[in-house]
Amino acid sequence: MTIDYSERIPNNVNLSEDRRLQRALEAWQPRFTNWWDEMGPAGFQSSEVYLRTAVDVGQEGWAHFDHVRMPEYRWGVFLSPPEPDRRIGFGDQKGQPVWQEVPGEFRTDLRRLIVVQGDTEPASVEQQRLLGKTAPSLYDLRNLFQVNVEEGRHLWAMVYLLHRYFGRDGREEADAMLERHSGDADSPRILGAFNEATPDWLSFYMFTYFTDRDGKYQLGALRESAFDPLSRTCDFMLKEEAYHMFVGASGVGRVAQRSAQLMVEHDTSDVAPYGGINLDTLQRYINFHFAVSLDLFGSERSINAANYYAAGLKGRFDETSFDDDHVLLDREAEYQSLGSDGRFVTERLPARGLVNQELRTDYVEDCQKGVRRWNRILNGQGVELQFTLPHIGFNRAVGTYAAHRLTPGGAVITEADWQASRDSWLPNEADRAHVLSLMGPHHEPGLIANWIAPPAQGINTKPIDYDYVRL
Ligand code: BYC
Ligand code: FE
Ligand code: FE
């Protein structure tokens, strides 16, 4: 399963044996490079960055570190090794062999899932495009670029599937991935969160904590797919995803730590005058990014999701861990909705229609872990305040709560009350202005911004003040 680096497109899918496919991907490659130049990280393209590059899919192989210029990063196509005699794990065809080709009847749905997944990857790179200029340290700058090149590789992963399995319309979809752009009024990215701005580093850490974590859950659900190439692709992507979430979890943790230090040092809850970020500002950023990421799970009750589950296209996260028949045909699950009268209603409904809700519930539990860790950091510094996740109905644009206004505590309120309190719940103009005012370049080894604590350790046993990026 080693990857052939002598090829233009490193891969472990025997690309050289499929000339047609190889030519198609080689034709797409310069379009990707153009997109990277125009929409990827602004500046730094000739800097040498201490990056991890996948050189194999095995335990050790994807942890190869070296200084490389980003345009020379080897974006490749890597799938996890096939599992012998793998069987479909859920849905109507549970127990039958998995598919190596796309069944005609599921072609449209599978293409759509792959396109939606693929669209998010370059979107995030576009969102983070300007952050390099204001990195809080070279360590953080390197992490930003590591995340960016890997999201680029995730796009390659989906484009490979489109080219290899979906013929002409797959190639058209692959081109369209580079034509939609985050926040573009005429041609936006497909999902809401990927059209939001990531204007500062606090937003970046929140995004990699909350939004990359949606990636973890969606990829986990797609890893269960009966379409084996998709399953194997997602399995390998998930390995890289873990690091993106680490960047977010540790990033927010370091900001919280610095804020708490300043609070204790100056005996005040207002650390803004000392160049820190107040805890209530951090809470508002949490509220915003959590809510916008919850929207990425679609409606709690979804016919799309039921169909995907029945067909074996998209399962639940870690399907085998569920103690049921994995068919869910005559099962019910609890569904909580918010009626037009503003009252919560709990019903029992067919379980297949509620798999989005199930996935989202698992995601929320996972999010909670990081919040607990951040709170331990605060407490460790002697600060009693606690961060919390807002109610799942707070500030939602998709699903049963979208038609209502809820407080972070989960109370249904009027539009007028919402407008009156909005600025105490979501990042307000003053928060954004203050956070932006703290952003500035820290582009020398060992230099670190005042609003964030240094990392606990460096990358790959290198010291914290290593020259992670050579400008
Ligand atoms: N924004 O039945 P519904 C990642 C649409 S993140 C806009 O409620 P469904 C990453 C929906 O398309 C992981 N539109 O939901 C992270 C549908 O449209 P149609 C990304 C939305 O289909 C960080 C209609 O509303 N991967 O990898 O069950 C950095 C009704 O849909 C939204 C995936 O999402 C929204 N938020 O579920 C880099 C996996 N939500 O059919 C990368 C693939 C819903 O009426 N995608 N709609 O035209 C899916 O599995 C599903 O499409 C969704 C939606 C979970 C997104
Ligand atoms: Fe990704
Ligand atoms: Fe990611």
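Mentor: A crossing is left-handed if the near helix is turned anticlockwise from the far one by less than a right angle, and right-handed if clockwise. This is a predicted model, in which local features need pLDDT of at least 70 and side-chain atom pairs count only at pLDDT 80 or more, while totals for chains, interfaces and linings use all residues. Residues are numbered from 1 along each chain as its sequence is written, and chains are lettered from A and ligands numbered from 1 in the order in which they are written.

Trainee: Which handedness does the crossing of helix 2 and helix 3 have?

Mentor: The crossing of helix 2 and helix 3 is left-handed. Helices here are DSSP runs of H or I with at least four residues, and strands are runs of E with at least two, numbered from the N terminus.

Trainee: What makes helix 2 roughly antiparallel to helix 3?

Mentor: The axes of helix 2 and helix 3 (residues 138-165) cross at roughly 155° and come within 8 Å. Angles under 35 degrees count as roughly parallel, over 145 as roughly antiparallel, 65 to 115 as roughly perpendicular and the rest as oblique. Helix 2 is therefore roughly antiparallel to helix 3.

Trainee: Why are helix 5 and helix 6 described in these words too?

Mentor: The axes of helix 5 and helix 6 (residues 228-266) cross at roughly 155° and come within 7 Å, so the two helices are roughly antiparallel. Their crossing is left-handed. The contact of helix 5 with helix 6 has 16 nonpolar, seven polar and six charged residues.

Trainee: What makes a residue part of the shell around ligand 1, and how many are there?

Mentor: A residue counts if its C-beta atom, placed from the backbone, lies within 6 Å of the molecule. Ligand 1 is surrounded by 25 residues, the closest being G215, G298, S299, S302 and N304. Helix 2 (107-127), helix 5 (201-223) and helix 8 (303-311) each supply at least two, and helix 2 gives the most, with six. The shell divides into seven nonpolar, twelve polar and six charged residues.

Trainee: Why is W425 called buried?

Mentor: A residue is buried if 20 or more other C-beta atoms lie within 10 Å of its own, exposed if 12 or fewer, and partly exposed in between. W425 has 20 such atoms, so it is buried. W425 lies in helix 10 (residues 415-425), and its C-alpha atom is separated by 8.8 Å from that of D280, 145 residues apart along the chain.

Trainee: How do you know that N14 and T461 are exposed?

Mentor: N14 has 10 other C-beta atoms within 10 Å, so it is exposed. T461 has 8, so it is exposed. N14 belongs to the segment before helix 1 (19-39), whereas T461 is in the loop between helix 11 (429-438) and strand 7 (469-470).

Trainee: Why is strand 4 said to lie largely in the open?

Mentor: Of the seven residues of strand 4 (residues 344-350), zero are buried, so the strand lies largely in the open.

Methods: Nonpolar A, V, L, I, M, F, W, Y, C, P; charged D, E, K, R; others polar. Axes fitted to C-alpha atoms, helices over the stretch in contact; angles between N-to-C directions.
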